Amino acid sequence: MSRTKKFKYLLPTIAVLSACAGPSAVTDNVKQLTAPSNWSSERDASSNIEDNYIEINNWIKSFNHPQLSQLIIQATKNNYNFKAQSAKLAIAKSRIQVADASDLPELSLSLGQSRRKSVSTDETNYTNSADINLQLSYELDLWGKLSDEQTKAQLNYASELAQYQQAELNLVADVSKAYFNLVEAKSLLSLYQERANNLKNNLEMIQSSYRLGLSDALDVYLTQNDVSRELARIAEQQQQVATKGRALELLLGEYPDADITSDVQLTSFDTQITQGIPSDILTRRSDIMASWYELMSLDASLAIAHKQRFPRISLTASTGDSANELGNLLDSGAMAWSLIGNLTMPLFNAGRLAALEEQARLAVVQKEQLYLQQVYQAFAEVENTLANAKALKERFNHYEKAKDNAISAETISFDQYLKGLVTYTTVLESQRRAFDAQSTLIQLQNQLLANRISLFVALGGSPFSESANLQSK
């Protein structure tokens, strides 16, 4: 287990200790938070698809797109927002070192050289002075205030670490969705081009039939209109492909020149996601964990604000020497020294410290309510995503049947038109239905992919395996 993971599992214990080290404003609403045993939108347990479930970890592999995996590696290395989040995490880690420094005394050295001029009525005198001082200071942590500050720094780092992990998950999800959006745009472009070619072939056949007196001029004009409209649709879709490509390139940290390649076929899957129970997301979702650590950090701040009203005891030891010249320092042998104990206790401050403690308490109260709202919002995200997945799957299945029927109807209607059995209006209606079914099917397939990615994120799944080390962290 990595050092980062060890620290992550130790932090809940730290959070509990911080809450017990002083006054706490965290209520039982958080400590006794309960959730139902199952998701209300969960698939019927009686369905026989148990063998088709996949785990929520390493979910990138489930899409079976090697190029997507490579793009994600590139994004985690080059995305500017993610690198900024990494720097923010490093700052929080350095603050732990700052807080831990209070465990040891502070030693400082001062060295001075001065020259003074004094003028009297009779003469002018010059006096040289040099001194050196070594001072050791230490504050006694009688009330645990310094320990609370150290715990607060650790909790802040834990929150930043969880936010960093959430930023990584969001980046992977954004890249995945942007990639499949590009694939969808290219799939639609391919469909439009295929439809345009078919219409051109139909136009040639209808023109030949018209020259033989077997078709009307209206049929020729209607087909020419369809060809022109489809060519216009192709031009519009080419712009959509470029736009989707630039969106993906921005996430990859590249110049957005729409010069990125991708597959031209969307992924299909028949597997279900292992959803677990609702309470799992309290410890599995990094954004909720980050909010929890923030709450505990504010609770530690309340303890610090409370202990600011207690006496403060510090010890200072110093030694030094002085001479006329800088070079004569330390030549005199014995050095002067002093040892001072200092007690500082606030007596009257017009209620300032009490007001600061009350502000700290109210900050905990505010954060607790925001945390509870975030938890229930997370529950709602999973429930909505599960329900949406079911509805999308049903629509996809219906449109898949509609596509097969529409394509068959299109072929039959055109053959019957050439035989003079139906009008060209029937052919146009059959073509429209076939085209709508195919394009809708592609869009629904991408929506299913986006929904699956959203479900992985909502459940707090890891996009990589436990042994993955994309950034050599």
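Q: Which residues does Ser439 touch, leaving out those up to four places away in sequence?
A: Ser439 touches Leu188 and Leu191. Keep in mind as we go that this is a predicted model.

Q: How far apart are Ser439 and Leu188, in sequence and in space?
A: They are 251 residues apart in sequence, while their C-alpha atoms are 6.5 Å apart in space.

Q: Where does Ser439 lie, then?
A: Ser439 lies in helix H10, which covers residues 424–459.

Q: Is Ser439 buried or exposed?
A: Ser439 is buried: its relative accessible area is 8%, and the cut-off for buried is under 20%.

Q: What lies 3.1 Å from a polar atom of its side chain?
A: That's the backbone oxygen of Asp436.

Q: Okay, over to Gln237. Which residues is it in contact with, leaving aside neighbours within four places in sequence?
A: Gln237 is in contact with Ala185, Leu188, Leu189 and Tyr192.

Q: Which helix is Gln237 found in, and is it buried or exposed?
A: Gln237 is found in helix H6, residues 217–251. It is buried, with a relative accessible area of 9%.

Q: What does the side chain of Gln237 reach?
A: It reaches the backbone oxygen of Ala185, at 3.0 Å.

Q: Changing topic: helix H4. How far apart are its end C-alpha atoms?
A: They are 31 Å apart. H4 has 21 residues (80–100), and at 1.5 Å a residue it should span 30 Å, so the two values agree.

Q: Which residues of H4 are buried?
A: Phe82, Gln85, Leu89, Ala92, Ile96 and Ala99 are buried in H4. They cover an arc of only 85° around the axis, so they sit on the same side of H4.

Q: Why would residues spaced like that point the same way?
A: An α-helix has 3.6 residues a turn, so residues three or four places apart point the same way.

Q: What do those buried residues pack against?
A: The buried residues of H4 pack against helix H3 (66–78) and helix H5. On the other side of H4, Tyr80, Gln97 and Val98 are exposed.

Q: What goes on at the start of H4?
A: A side-chain oxygen of Asn79 reaches to within 3.2 Å of the backbone nitrogen of Asn81 there.

Q: And helix H9, how many residues does it have?
A: H9 has 67 residues, 352–418. Just after H9, Gly420 takes a positive phi of about 80°.

Q: Now the strands. What is the order in the open sheet?
A: The four strands go S2-S3-S5-S6, with antiparallel pairing. S2 (106–119) and S6 (336–344) each have a single partner strand, so they stand at the edges, and one side of each is left without a neighbour in the sheet. From one strand to the next, the twist averages 25°.

Q: How many bridges join S3 to S5?
A: S3 (residues 124–140) and S5 are joined by 11 bridges and run antiparallel. In that pairing, Asp131 has Ser322 in S5 as its bridge partner.

Q: And how many between S5 and S6?
A: S5 (residues 312–323) and S6 pair over nine bridges, also in the antiparallel sense. Ala317 stands opposite Leu339 in S6, and Ile313 stands opposite Leu343.

Q: Last one: where is Arg309 found?
A: Arg309 is in the loop between helix H8 (286–307) and S5. It is partly exposed, with a relative accessible area of 38%.

Q: What is Arg309 in contact with?
A: Beyond its neighbours within four places in sequence, Arg309 is in contact with Pro346, Leu353, Ala354 and Glu357. A polar contact of 2.9 Å joins the side chains of Arg309 and Glu357.

Methods:
Residues numbered from 1 in each chain as written. Predicted model: local features only at pLDDT ≥ 70, side-chain atom pairs only at ≥ 80, totals over all residues. Heavy atoms only, no water. Pairing = 2+ DSSP bridges. Helix = DSSP H or I, 4+ residues; strand = E, 2+ residues; numbered from the N terminus. Axes fitted to C-alpha atoms, helices over the stretch in contact; angles between N-to-C directions. Expected span 1.5 Å × (residues − 1). Buried < 20%, exposed > 50% of the residue type's maximum accessible area, 1.4 Å probe, protein only. Arc of directions from axis to C-beta. Contact = heavy atoms within 4.5 Å. Polar contact = N/O pair within 3.5 Å; in protein donor to acceptor, adjacent residues only side chain to side chain.
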